[in-house]
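Let's take a look at how the parts of a protein model touch one another. Have the sequence and the 3D view open, and we'll go through the meeting surfaces in turn.

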Amino acid sequence: MDFLNGITLISNYILIPGLTYGSQLALGALGITIVYSVLRFSNFAHGEFMSFGAMSSILLCWLFLSLEINLNPLPTAIIVLPFAIIITIFYCILVDKIIFKFYRQQNSKSVINLIVSIGVMFFTGGLIRFIIGPGDKNFFDGERFILKAKTFKNYTGLSEGLALKTTQGITIVLSIILVILLFWFLNKTKTGKSMRAYSDNKELALLSGINPEKVVLITWIITGTLACVAGTLYGLDKSYKPFTYLHLVLPIFSAAIVGGVGNPVGAIIGGFVISFSELIVTFAYKKIFFYFLPNYLVPDGLLQILSTDYKIAISFIILVLVLLIRPTGIYKGKII
Amino acid sequence: MYLLFGENITCGYGSVDILFNCDVGVNEGEISSIVGPNGAGKSTAMKALFGLLPIKQGKIILDGEDITNMPPRQRVLKGMGFVPQTNNIFPSLTVEENLEMGAFVEQHDCTKMLEYIYELFPVLKDKQFQLAGELSGGQRQQVAVGRALMTKPKVLMLDEPSAGVSPIIMEGLFNKVTEIANQGTAVLMVEQNAKQALKISNLGFVLNQGKNLFTDTGNSLLENKEVRQAFLGG
Amino acid sequence: MKNRSRIQILYFLMAIILLAVGIFQSWNVALTIFNLCLISSIMTLGINVQWGNAGIVNFGVMGFAALGGLANIIISMPPTSNAWETGGNFIVIGLLIFVLSIIFSVFMFKRVNFNKRIKYLISFLIIFVGYFIMRLMVDSPIEQIEAIEPAKTGYLGGFNLPVIISWPVGGLLAAFAAFIIGKISLGLRSDYLAIATLGISEIIIYILKNEDWLSRGVKNVNGLPRPVPYEIELQSREWVLETANILKIPLPEVSSIIVKLSYSVLFLLVLLVILYLLQIAVKSPWGRMMRAIRDNEVSANAMGKDIKKRHLQVFIIGSAIVGIAGAMLTTLDGQFTPVSYQPLRYTFLIWIMVIVGGSGNNFGSIIGAFLIWFFWIQSEPLGLWLLSFITSHISDTNLIKSHLLENAAHIRLMFMGIILLVTLRFAPKGLIPEVKR
């Protein structure tokens, strides 16, 4: 019984939150990695693109709710997501045509592109706050839990509860679907292969007759999709605040770098490495020991490696460690 | 009449000219080699023919059609294949994907061409699902040539195919080149190993300092005393 | 001498703008802006040394500025009574043990020949053990220190020295941090370096936010001593009363203007000294070598220049300058608030200043700082004015209008983005381009 309680405790406080946050990070990191591998720059505006996607979802949610279209018990955000994705893609492509394209044609250094993306970040951030305001927006509706802690306790008779929020379930399921679609596209379709070829060897891709503008267009379509879904899921899970997305850029970059920049599989692994490390390092192990060890061995104190205040800082610490030990990341990415 | 003919070409990088009134070409189903010392402008000639460098003077004719101002992508469609000297594969794509990318501009199914390539280079068949970046130097060259052949080009252009591979592999590669030419694809190549290249070539162009020095059949160039002394090491 | 006339025109223009604010708005506002412009321009000088001369992308401005701010606490605040006795020494020793364990593990890693994996494992274990010993030593003293009158102190306090000393000390703190950060990350390519420095600066802020025994964390440290007199003091002085009488300005305003002016003088002095030193450095063989490395790393390497060492030098110098400016900023504020350190305001805004002003030109960086800071402050009213103008024909009860006016403040982020993008597109060298030498 104690053993099962311990397992439940770990699932409830580490496994499920880790999977959820990890999926969100992984989707974000995929966006960054794909822009990097095709366009060869670190896109600091990606966090704001995510925010833009989330904002589009919220606005559409309001519209749909006012029209009394909903999907109870699922949140309305699910129905509006496809439309929000289209809006986000449109914005990404617009930004590319007006801004990034110029520097691509100039063959600018990646660092110039990076600074340009900061300009885009400022502009987009301002635009978002201008449209929707800086405040907190909760746009979750529908059933809150798939599995309530109390139900679980009653059902199993364990003293530890296990809860699964609807947002967590949606996040994990949607992420899996999206990642499968992405990998199918990249590995099985001609266009996807041509994208990989372009990112691998631009000159040869041009010699083979691959149209660079088309590759760039598809890159932004994928990036916009990923950004919108990741942003919406994050906002749905933790409530939307424009401000938080600026701070999300760094954990996402950490995830991308930890996994190996330019490598999609790496981005996903990186996302989970970051999310689980955050939880594992800040988890108070006292209760676990309580279940797994005889009572007289359970030590005093919370047994946290780092206090919860440092949760987000952990992603930066991992980033620094990875840069120190293995700058190419877990999966050998392209060294920036 | 040449199948592919660069006539009277002058070109270079920026304001510096590398080639001066150069003629290079290849006949249908034949092999032509461009040889000469370092800095003679051999690779530049290749790039110019494929449209990777703007031409200041002269014209390029493919199968009777003037293609001087055509972008490279268009030339691929018209039946030209080009294998650059370096970075000529997609290292993180599998061998088969590399070949598929060669046929990117083709609308129809490419399985037939794939079979032909695998027949030509049986090693690649065994490694078709391996990443091209993990192959040996010689195998990479085969992938590179295979990729360029995927569009069934009329002319295949090879920029120093033997660079960086061992003599044995080089010999095998040249055998393949002969085979390709026998199957009806004209081959125009630039080579450092002038002797071996000229042996299998129908035509040879000896360049020096961006100018045509000698143009003759491969064998007669090999026997030409002047050429032997100056460029073939006696 | 096209640049010189440009410099003159732009500086003259800036002076007129500030004077106009003084005349039409208020001298207090003008001086507030001026002081922050001065501090920003010192920060931009620090970044410009790194980016303009050496091509190093340092996105850690925020962290170095915060370290400068921390220096204020350590130098100028009075020591908390009993705090050191209750366990300050333990904390210092604990931290030392942790640092030593890191040094030891690095040393071991470099000197011992083993399988790489085993080496990583051992190094990691050493640090881990060091960390736990530190936690054992530090945890309860920290708790005790933080329990000493938590509403007022609850931290170690400082050395009760004149606050102005904290400026050079802030520079030193930042330089020390830059040394470590540089050792870790200067080998990385530009993009990685940018992300790494940004991440490390976030870590610094997190530490300052959460280590209450050091900085009181989110409870802030208020009432930092000043290098200039207080307004109340001034108001009782004879000459201040007289000035107020002669100028026919209310006494409180006169005194606050005097305070701000004294800050301005101090800041200006620091700015001029740093500018002077940097100009000398840029023109020296050292500066020429830096630019040679920036423009062609490969050939500079081939010529036997020790790029890593040079980069580390310039990284430390630039970061120290930022640290000094950060210390000055906290002194001006009179309080240390870790929460206020945002990458947008510190790191990225400073970068916009450098790019807009002109990378590689110190005079450009200064004017960039002035102009951008001015816009950053004034774009809020400007945005409001612009929107009211646009929506003037819409009735006041209109929802869209009220929404627009409500969110007008955020237009300044858009402004900044547009300014940066327009500069990069149409004048990538900035307002005052680098002088070709």
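How many residues of domain 1 of chain C are in contact with domain 2 of chain C? Contact here means heavy atoms within 4.5 Å, and by that rule 13 residues of domain 1 of chain C touch 14 residues of domain 2 of chain C.

Before going on, a bit of housekeeping. This is a predicted model, where local features need pLDDT of at least 70 and side-chain atom pairs count only at pLDDT 80 or more, while totals for chains, interfaces and linings use all residues. Residues are numbered from 1 along each chain as its sequence is written, chains are lettered from A and ligands numbered from 1 in the order in which they are written, and side-chain values use heavy atoms, with hydrogens and water left out.

**Inside chain C**

The domain bounds come from an automatic or database domain assignment. For chain C that gives domain 1 (2-79 + 157-426) and domain 2 (80-156). Their centres, taken over C-alpha atoms, sit 33 Å apart.

The size of an interface is often given as the accessible area lost when the parts come together. Buried area is just that: the accessible area (1.4 Å probe) that two parts lose on being put together, summed over both. Here are the values for the three interfaces:

| Interface | Buried area | Share from carbon and sulfur atoms |
|---|---|---|
| Domain 1 and domain 2 of chain C | about 1,000 Å² | 56% |
| Chain A and chain B | about 1,700 Å² | 59% |
| Chain C and chain A | about 4,500 Å² | 76% |

On the domain 1 side in chain C, the residues that lose the most area to domain 2 are Gly157(C), Trp213(C) and Arg216(C), together 62% of what that side buries. The count of salt bridges between these two domains (a side-chain nitrogen of Lys or Arg within 4 Å of a carboxyl oxygen of Asp or Glu) is zero.

**Chain A meets chain B**

This contact takes 15 residues from chain A and 22 residues from chain B. On the chain A side, Lys190(A), Leu204(A) and Leu207(A) supply 35% of the buried area, more than any other three residues. There are two salt bridges between these chains. Arg196(A) forms one with Glu97(B), with the closest N and O atoms 2.8 Å apart. Helices α7 (190-200) and α8 (202-207) of chain A each supply at least two residues of the side that touches chain B; helices are DSSP runs (H or I, at least four residues), numbered from the N terminus. The largest share, six residues, comes from α7(A).

**Chain C meets chain A**

Now 48 residues of chain C are in contact with 52 residues of chain A. On the chain C side, Asp191(C), Tyr192(C) and Ile195(C) supply 17% of the buried area, more than any other three residues. And how many salt bridges are there between chain C and chain A? The count is zero. Several helices of chain C each give at least two residues to this side, including α5 (116-147) and α7 (190-210). Helix α7(C) gives the most, with 14 residues. By class, the chain C side has 34 nonpolar, eight polar and six charged residues. Ala, Val, Leu, Ile, Met, Phe, Trp, Tyr, Cys and Pro count as nonpolar, Asp, Glu, Lys and Arg as charged, and the others, Gly among them, as polar.
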